[in-house]
Every structure is written in structure tokens, then in C-alpha cells.
Amino acid sequence: MNRWNDMEQLQYQADIYYWEEGGMDKWGNPAPPEKVFVAQDLEVDFQPLTGQTRSVSSGTEYESSHRLYIFDTDKLTGPVKQGMKVDVKMDERNFGTYIVVFIADHMYHLEVEVKRDV
């Protein structure tokens, strides 16, 4: 059961994707890689990890700076995996590109920890 319909509209949107090798073109030259989207313009809650939360997270195997809460998991075309890229925006204002470092699946929503892509 997805509780998305019970919630207000979220103010952030995210594109979640990975790069896939393009193979070879008809002349045998490498084709450029292409973006494969798991979600586009997906409404998310985007929260910075600060203070104690960030310090606890930094004691793990990964370092994260923000957490995405994905409530409308039905709109994902595939699973979210470590290493995928996430472009976060609000009203056409770009907040940057992040890398997925940890995914917590809570059955009805995902908590995805990310760090800024340098």
C-alpha cells in the first residue's frame, strides 16, 4: 500500500539515472554512453544531513551529505542502486548532481542517502 495520495505535493523533483555504454556505431567506432532513467521529475523530499545525523552516517562505510525520501515508488521504472546519479531540482532551479551511496527500503518508501558528485 502506497500512502502517497494521503500526502501533500513535495517541492523537490529528482531525475535518477545511470550511464550505459553505447557499444559500437556502424563504422566500428565507440558510440557515446547514454543516460538510462529510472525516474524523471519524480517528486521527492530532499533533506541535508547535519549535526549528529551526519556524524553518525560518517562512521559507516559510506559518506553521505543528503537524504532523499521517495514515497511514490510506483513511478520508478527499475530499482535504485548504489552508484546511480541523481539530479535534484526545485521549480527548474538545479540543486546539483548527487551519487547514491545507500538505499534503505521501508516497504512503502525509500530513503536514499546521497553525496554530491564532484
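Buried means under 20% relative accessible area, exposed over 50%, and partly exposed in between (1.4 Å probe, protein chains only). By that cut-off, both Y69 and F71 are buried. This is a predicted model, where local features need pLDDT of at least 70 and side-chain atom pairs count only at pLDDT 80 or more, while totals for chains, interfaces and linings use all residues. Residues are numbered from 1 along each chain as its sequence is written, and side-chain values use heavy atoms, with hydrogens and water left out.

**Barrel**

- Six strands form a closed barrel in the order β1-β2-β3-β6-β5-β4, with antiparallel pairing. Neighbouring strands of this sheet are turned by 45° against each other on average, direction ignored.
- Strands are DSSP runs (E, at least two residues), numbered from the N terminus. Two strands pair if DSSP finds at least two bridges between them.
- Axes are lines fitted to C-alpha atoms, and angles run from 0 to 180 degrees between N-to-C directions.
- β1 (residues 12-20) pairs with β4 (residues 85-90) in the antiparallel sense over 5 bridges. D15 has D87 in β4 as its bridge partner.

**Aromatic rings**

- The structure holds 6 aromatic pairs. Rings of Phe, Tyr and Trp (its six-membered ring) pair if their centres lie within 6.5 Å; planes under 30 degrees apart count as stacked, over 60 as edge-to-face and the rest as tilted.
- F46 and Y98 are edge-to-face, because their ring centres lie 5.4 Å apart and their planes stand at 65°. This pair links distant parts of the chain: F46 is in β2 (residues 34-48) and Y98 in β5 (residues 93-105), 52 residues apart.
- F46 is buried at 6% relative accessible area. Y98 is buried too, at 1% relative accessibility.
- Y69 and F71 are stacked, because their centres lie 6.4 Å apart with planes at 10°.
- Ring pairs join Y12, F46, F95 and Y98 into a cluster.
- The charged end of K35 sits over the ring of Y17, 4.4 Å from its centre. The cut-offs are NZ of Lys or CZ of Arg within 6 Å of the ring centre and within 35 degrees of the ring normal.

**Nonpolar core**

- A nonpolar core is a set of buried Ala, Val, Leu, Ile, Met, Phe, Trp, Tyr and Cys residues joined through side-chain atoms within 4.5 Å.
- The largest core has 21 residues, of which I16, L68, L76, V80, V86 and V112 touch the most other members.
- β1, β2, β3 (66-70), β4, β5 and β6 (110-116) each supply at least two residues of this core. β2 gives the most, with 5 residues.
- Leaving aside neighbours within four places in sequence, L76 is in contact with I16, V38, A39, L42 and L110. Contact means heavy atoms within 4.5 Å.

Notes:
Helix = DSSP H or I, 4+ residues; strand = E, 2+ residues; numbered from the N terminus.
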